[in-house]
Amino acid sequence: MAIDPKHPYRGTAMDRRAFLLRAAAAGIALPSMAAILAACGSGAQETVATGSATTSGGSATNPYGTGGIGGAPYPLARIDAPVTWTVQADNPVIDSGMAPEKNATLQVMRWPFYIDPGLLKAFEQKYECTIVQTQFSDMDKGIAKINSGQGDFDIMIGMSLQYLGRSIAAKLIRPINHDYVPNLKANVYGSFQSPFYDVGAQFSLPYAVWSTGIFWRNDKLDIDPANMSNPYDVFFDHPPKDKTHLLANAQDVLAMPMFRDGVTDVNAADAAAITKAKEDVASIAQMVGNISYDHDDYTDVPEGKAYLHQTWSGNASDAVVFLANKSDADNLSYYWPGSDGHPGNVDNDTIVLLTSGKTPVLAHLLANWLLENGNALANFTNMTGYQQPVHSFTPRSMVDSGIVPAHLATVIVSEEDFAKGSRELELTPDLDTLWQSAFQELQSGV
Amino acid sequence: MSSGTTSLTRRERRAQERFAARERGAWAPRWFWPGFSAPATIYLLVFFAFPFYVVMAVTFGSVDPILRQPVPAWNPATWSPAILTFTMSNIVHSDGLYYAAFINTFFFVGIATFLCLLIGYPFAYFLARRAGRFRALFLVAFFAPFWISYMLRMLAWISLLQDEGYVNKALEKLGVIAHPYPWLSGKPVTLILGLVYGYVPFMILPLFATLDRIPASQLEAGRDLGASPARTFRRVTLPQSRQAILAGFVICGLPMFGDYFTQQLLASTPKTRMIGNAIKDSLDVPIFVQRGAALILVLLVILVPAIMYYLWSTNRAASEITA
């Protein structure tokens, strides 16, 4: 085609060379942009008001609550130092006896695969409302979404204990009116009626419970950690080469060698203990060649990517679902060392109602709905694999009903386990930095 | 100062501009065609320039004392370089947190991009020169798997590469291996193959676009002058596809620098950690988000010379053609 020499923009017509040039430039810009946008997602929030808080914490004068230990602007809860959070005048409990909001939209925040959609559908029908779900991939992103003030989020399903105190201090969480949540008293374990991290359950309700244990392929490993004098030795004495995985977070990974050493309160570990734990884990990495830190235990072990995996019990129970051949469930074993008196973690997360919500009554009612015995069971079997701390869940009942194979009954957490195990709790900022730095060094292989 | 132009009224100036435009053969005012780039310009400003500034504000900002999340410092006068200094120090020292990730990335991306070229060039040549009427069929057949999302394709590879997967079964049957090879246990070879599989189309497309447009008459002329097919390729085809190779390296190679997903799914271990993984791991921990943001800045700065070289090379080639 002849080019019109008079055309004023003939020099800018896109030929093949220019196309390649610009396509290449786009090739650079797009991946960088994705990374940039990812960073923005975590960074664009404002500072919360700190009031007159000091880092002394734990004193009676702390504006956010009483009890706990110091080290943060708000009290840090410990089993032997429970925290009673202060209900602020500008964030009161809602009145009792109010009718649920009609034809309203309830905004739910949750982890992926963390609530049975059938339960929400049934709730919508019962209360003539619409539920909009927003997913978050980690607590940090979830908190950032709430704190951005850009959504009328009513309820968060699965807030970790590590984030509870700071969220109460930042006034992201609404206090609970227990009149709307009778299932707490009726169905939930006694220890959660007034837990140490929130005395009186004023701001939180328990959601999922799990233990952190050892998950392995019994057809590939010829050793049973349950029969070892120190079960954690399995990671040090018999780690399968290239097939040993640990969880992908600082507290779980570094707590494991501490538990092996007999430490029961890992939240109080000092710098020396953290360094030793890091070196211990590094020694495992050295032995197995290619260690992996991930949360894919529920697929890694069934698929044979890992033969030995540090695991949350909820993921172990989920793993059965991912088996190509269900009879292969016989090859999966899970053991929580805490069940035989060894140190070990048993934890829970929470349901919290959010101050940003516009339908507080419905939010209360949904929390109550999730603590219904039948609903908790449906949630476990249909979707999450993580049990709730309701009385109807016992290892015996799960096995008898055919939901859990007998040899995997160990994945069910009982109320007594909470008396045996340690808890993974919020650390002081300085200590948190030490834990996270040590884990980052492990991830980096240095 | 006064001139003939400035003494004209606004209406006269417009009339003069319209007359000049008509003389140039343009039927629209000067701003008309550049105005077409406005949406893209606005898009880039909103989704690239501003987020880029946010990344800088996060890098040089602080951490909220209660929520322990990064607080951007919008005013450059308040920027603190501590995190960037820390990050740089951990990149350049051999025992630093990010040193291995950077070395790994350059190594894996270099090999993977070169393999993409080795695989992509012959295929693009075949499509352009030899596929004949089956060209469209070959194109569709090759690119069909890429209509499926990247994540699903990588998940499929997990099934294929696991101990009891088809790859190990086939290799065992052929007698290549006696026991299943642990492909998914953090092996660099798996990561490189994953990168090649994921990005090779981006190498093929620019190569095909260029090779397809080399006139057959030039190749025939080379042979008429006594050159062997290999010599014709070396002296005629290859020089003319040089810019496409460069474009392929850029389009295919540079996205790999930010890739973290392939490593995470196929070879998740510290030994195969790439820059993208270091960034993601940092962004996953609230108190380390600033480090992740600093790594993004450093990565961008590292990639700038590569794109500058590419632009310089392309412009030089263009000026040689027009000279």
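## Two crossing helices in chain A

A helix axis here is a line fitted to the C-alpha atoms of the stretch in contact, and angles run from 0 to 180 degrees between N-to-C directions. With that in hand, look at chain A of this predicted model. Helix H7 covers residues 250–260, and helix H15 covers residues 429–444. Their axes lie 9 Å apart, at an angle of about 85 degrees. Angles of 65 to 115 degrees count as roughly perpendicular, so H7(A) and H15(A) are roughly perpendicular to each other.

Which residues make the contact? H7(A) supplies Ala250(A), Gln251(A), Val253(A) and Leu254(A). H15(A) brings Trp435(A), Gln436(A), Ala438(A), Phe439(A) and Leu442(A). By type, the contact of H7(A) with H15(A) has 7 nonpolar residues, 2 polar and no charged.

## Chain A as a whole

Chain A has 446 residues, and 51% of them count as buried. Its secondary structure comes to 15 helices and 12 strands.

Now take the contacts in chain A with a separation of 6 or more. Residues 24 or more positions apart account for 70% of them.

## H9 and H12 in chain B

Move to chain B. Helix H9 spans residues 188–211, and helix H12 spans residues 242–257. The two axes come within 8 Å and cross at roughly 155 degrees. Angles over 145 count as roughly antiparallel, so H9(B) is roughly antiparallel to H12(B). The crossing is right-handed.

On the H9(B) side, the residues in contact include Leu195(B), Tyr199(B), Phe202(B) and Met203(B). Among their counterparts in H12(B) are Ala244(B), Ile245(B), Ile251(B) and Pro255(B). In the contact of H9(B) with H12(B), 14 residues are nonpolar, 2 are polar and none is charged.

## H5 and H12 in chain B

H12(B) also meets helix H5 of chain B, which runs over residues 99–130. What angle do the axes of H5(B) and H12(B) make? They cross at roughly 140 degrees and come within 9 Å. H5(B) and H12(B) are therefore oblique to each other. Their crossing is right-handed.

From H5(B) come Thr105(B), Val109(B), Ala112(B), Thr113(B), Cys116(B), Leu117(B) and Gly120(B). They meet Ile245(B), Gly248(B), Phe249(B), Cys252(B), Gly253(B), Met256(B) and Phe257(B) of H12(B). The contact of H5(B) with H12(B) divides into 9 nonpolar residues, 5 polar and no charged.

Key
Residues are numbered from 1 along each chain as its sequence is written. Chains are lettered from A and ligands numbered from 1 in the order in which they are written. This is a predicted model: local features need pLDDT of at least 70, side-chain atom pairs count only at pLDDT 80 or more; totals for chains, interfaces and linings use all residues. Helices (H or I, at least four residues) and strands (E, at least two) are DSSP runs, numbered from the N terminus. A residue is buried if 20 or more other C-beta atoms lie within 10 Å of its own, exposed if 12 or fewer, and partly exposed in between; C-beta atoms are placed from the backbone. Two residues are in contact if their C-beta atoms, placed from the backbone, lie within 7 Å. Angles under 35 degrees count as roughly parallel, over 145 as roughly antiparallel, 65 to 115 as roughly perpendicular and the rest as oblique. A crossing is left-handed if the near helix is turned anticlockwise from the far one by less than a right angle, and right-handed if clockwise. Ala, Val, Leu, Ile, Met, Phe, Trp, Tyr, Cys and Pro count as nonpolar, Asp, Glu, Lys and Arg as charged, and the others, Gly among them, as polar.
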